[in-house]
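This report describes selected local features of a structure. The sequence and the coordinates are shown first.

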Amino acid sequence: MGRVAFASHHPSATYIFRMRLRVSSMVFGVAVSLATLVLLYQVLSLPPDTHTPGDEKEMVSLESRLRRLENNIQSNQHTISEIKNLVHLLAKTNSKANSMLGPQFGVVVGNKFMRNGINTVGVAEIPRDHKTGQVAGDGSAVVYNLTSATIMQDDCIFAQSTPPATDILMEKVYNQLKFDNPDGGAWKQGWEIQYDVSQWSPEKKLRVFVVPHSHNDPGWIKTFEQYYHDQTRHILDHMVEKLSQDQRRKFIWAEISFFSLWWEQQPESVRNTVRNLVERGQLEIVMGGWVMNDEANSHYYAILHQLTEGHEWLALNLGVKPNNGWAIDPFGLTPTMAYLLKRMGMENMVVQRIHYAVKKHLAREHSLEFVWRQIWDPNSSTDIFCHTLPFYSYDIPHTCGPDPKVCCQFDFNRLPGSGITCPWRVPPQRITDSNVKARSQMLLDQYRKKAQLFRTNVLMVPLGDDFRYVRPEEWDNQFTNYQAIFDYLNSNPELHVEAQFGTLADYFRAVQEESGSSGAEGEARGVEGGAPFPTLAGDFFTYADRDDHYWSGYYTSRPFHKSLDRVLEGYLKGAEALYSLMLGIQSAAGIAGGQGGSSEGERLGEALMGKLVDARRSLALFQHHDGITGTAKDHVVVDYANKLIKSVDNCQHVIQQAAHYLLSINQRTYKSDPNAVYYELGEKFTEHNKPASRMVLGLQVGSVIPAVVYNPDAHRRHHLLTIRTSSPYVEISNPKGEALRCQVNPVFMKPGEASPTMFDVTFLVDLPPVSLATYTVKALQPASVNMKLVSYGKVTVRNMAAPTLPEVFTVGEEDGGGSGQPPITLKTPQLQATFSSAGLLQSITTQDHTLPVSLQFVKYGVMNHHETSGAYLFLPDKEAVPVTPGGSGVVVVRGPLLSSIRTQFSHILHTVTLSNSPGVDGMSLDIHNLVDIRAERNFEFAMRLSTNIKSGDIFYTDLNGFQIIKRMRYDKLPLQANYYPMPSQLFIQDPDNRFSILSAQPLGGASLKSGQMEVMLDRRLNQDDHRGVGQGVLDNLLTPNVFRLLLEPRLKAKESVSGEDGLMSYPSLLAHATLHDILYPIYSLLPTAKTGQMQNTWGVTGELPCDVHLVNLRTMVDPPRATLGPASRLTPHPPSPNTALTLHRLGFDCGFKSPGLSCSTNGGKVRLSEVFPQTFREQVQQMSLSMMYEGVDMTKSYTLSLQPMELYTFKLSRS
Ligand SMILES: [Zn+2]
């Protein structure tokens, strides 16, 4: 498949100062912290807090507390009567339950992942006569005193304001276009371009820059390593030789993953040659990411990460700072990229894959070069200059001009005898004295036509394709033949042309010279007599390259790996933060040693950094546009998966090592063992094609096991945590030693059978920001279990025989049964949901609002055409049809903390859980699906939610988890064009309610009818879709996917949420927190051996405001370091003394309540001395996002004022 793109001025350090950061020495508003005092929950009592967000003055007054206490008495009475009812019910169901119990258990089955507790693996002794019916003691739902965020009124203004207009708004372009796809002739998707030669003159020449490039996919048809071995290393070898031969030759390179691998194998002489080539401007590193990332499925955390990885490598090895983005192959484009590149200090970018009808429109308007502006940007500081390649592809036939038949003749790698031909059946001719005139004029005609589409007389002509310039002859053929043409053109002044090889830097410099504009600043003063470059806001999804071939399949292809990507992102972020804080503590304790030392702390830091770097690079690699997109060949997908699960393992290793250090009693005398496994994390990936296995804590009566819980988020979290144990007879204590309420649930191995040896124990944890806390699991004799604290999940079933359960559990028939079959209700004080007898959601009630919801599973077939759905394309046969539930019956488990309903359908194990938690996990419905469509043929499987929300043809999706974009459903477009990337959320709304699907993994989504939302869960396709991968998608796996459904009534009904004023939209604070909850979960660490005396808690970090998110805390690396002496060794990635802290101030909509949050907003004020009081030096420096450029110097105690939607990176130092 031809896949291919391009920008350049040297950014000065001053650009940083234009970033929207204000540093002031204002006193930090302390008042807000008052609100956090109100946290503690109570077991029975207060009704939900009635704080309305936005009411900043509302403080907890004694009066209102008294009023609540009064209400309480009433609600307690209500609770007591509920308990009575429950006891009654239990008494009824219990006798029946006992008779249904299956075989008794007595041994712990050998489980590969079973972990010993402190003692040897436990065998729970179960006295046969133990009665469990009395559990009822306190089986009622726990009622909490809910907190909500305290919001400063001014913080609501941003989301309500309308930023300045832009010249081109993509939403309007879509409204306007007919999408009628007329045949344009030679330029099939365009028109016959005419031109007048008098537009050029000796003073006004056409300046042509031919940009040689080679697009190297880090994995697609071959794995990354295979490509490197077979092609890439040769390309780079020859590049050094061929560029050195003639200083007029130029080349650009993008993928640092390949470049770094090659570099490591070069002698210093070659490295120096490369440095010279860069210095002379012959070689330009463009974008400089580890890969050219996908833009639809990737999360901004990972995009920022993969670009930083590349930029860091470049800084350490080549001393280069890329200035121009180059994204010629990603299948649709996001403004998030434009934002990130801008804030990294880049000035221009080149893109290619834009819908052909949109391209044609931009070309007609002379707007293929535009200033891309964030749709939310109030003052145009996000503007970046963007060049769009005008034609179908980035290959040579589609880059010299509008006629591919002509352009192909100027691909001198296709000379007769080369083995590669032109599909238009006219081969290239070697340039000779006799044909140079004719050939040059033929090419010039294409250049001139192409130039008609742009506002300047500067023309960029990329010259390359996928994995080009492998053989030395190709270099020679391209360079010598083009040079002959350039020489001819340049020596005939009457042609008014000046042609040469160029880099993006050369091209953009020339554009700037002519237009007098610095594209990056958007201060376009315009070309002579022409208009300035237009500004544009919006995105470029969903991409179509021709006809109705919309690339919306890859939003979902290989969903198992898309899910694994997000899992790894969570672990990596968690590992980075804990690792960086560990080094910070070591430094503060004076044990990190000086440069080149070999202190204890340094040894540990270096050993763990190797694992971290390995994980960083694997995650970065997977962001490639054939990685997370699911568009590589099967064996390449397996290669990626192996790298990802190894990286999860590496991150888990770093987390548990750092936790062990941080919890150690004496950090100064700590003896490290970098390979030791002190703790296993709660889940483990052992095979590249299987979901993670839950670890089981082996318990023996009398064991007291300290389980460590890690909160990687920079906000306090109240949250339910589940640990899997081998015994149901437990007592859970918090770090203070107080026994906690807990709920023990059965672990179902199949619908009719729960494991006799595994139990899920759930309890509420309370975790400060970025902290570790030790909760104790004590294994008891059955008779010793305190029934006031421990509740056993009550199991009921409908439409199935009672399952086999360990005897601690009761089982009954879900009430109703028989005829009529009322809905099944699950309920917490915060939420209520009803389900059909088949186990499918029917309604959600929260905050006194009830929304009828119909959840369905539907399927699409494939269009019966020559070209049909494959890894890239979604070409459905017709509207989706419901998949009749082949349900195996419904299993419901209820208890005071967790209630769930679970049904096995023919393609999916579907579980919905309600958490009774005072934290954000208690405010939304959790959906867990395990999808299996391996038995199907050409089958695309989606989950659909239908409601009565009057959303019309408008819905909202996110871009890269960074921003929300409004979508319109168009009848003029085919169904597949109305599918959009859903990297983390999709919502619909009307004046009264917003209903969101928050997703733990990127998938495709749509709203195909008013009130409806659907998410594609998996796709199995039996054929190739002719975009180069050469196979179908038949390697489907048992795939987990996780969602939260969030219903949010609007505090004040809006008059309108659509139309002009609805251009922008923002999630609520609760939606943000819920997303962080599923992307960056709380991790449990189960000890593998006796840990000895440890601290119970660790945490050194202050809490960030509600709307400030800790994106990353990433220790940078130093160049490889050799340690001499008897223990000589090479440390390839020693940690540098610098840590990059990236913060994101979220844009949010104040129109909704924020129950479950306990934080406040304060106008975006952050003081790093309060966030990191004990770690890092006083001196802090603001940096560009990927640490390439230095900004403002400051101290930790400065008060930073962060602007909504903006990301900031700061350099923290340890020593
Ligand atoms: Zn590619």
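Is Tyr-1208 buried or exposed? Tyr-1208 is buried, with a relative accessible area of 0%; buried denotes under 20% relative accessible area, exposed over 50%, and partly exposed the range in between, for a 1.4 Å probe and protein chains only.

## Basis of the model

This is a predicted model, in which local features need pLDDT of at least 70 and side-chain atom pairs count only at pLDDT 80 or more, while totals for chains, interfaces and linings use all residues. Residues are numbered from 1 along each chain as its sequence is written, and side-chain values use heavy atoms, with hydrogens and water left out.

## Aromatic pairs

The whole structure holds 56 aromatic pairs. Rings of Phe, Tyr and Trp (its six-membered ring) pair if their centres lie within 6.5 Å; planes under 30 degrees apart count as stacked, over 60 as edge-to-face and the rest as tilted. Tyr-482 and Phe-486 have ring centres 5.8 Å apart and planes at 50°, so this pair is tilted. Both residues are buried.

Tyr-1208 and Phe-1210 form a stacked pair, with 6.4 Å centre to centre and 15° between the planes. Phe-1210 is likewise buried, its relative accessible area being 0%.

## Charges over rings

The charged end of Lys-573 sits over the ring of Tyr-1080, 4.6 Å from its centre. The criterion is NZ of Lys or CZ of Arg within 6 Å of the ring centre and within 35 degrees of the ring normal. Arg-994 lies over the face of Phe-987, at 4.1 Å from the ring centre.
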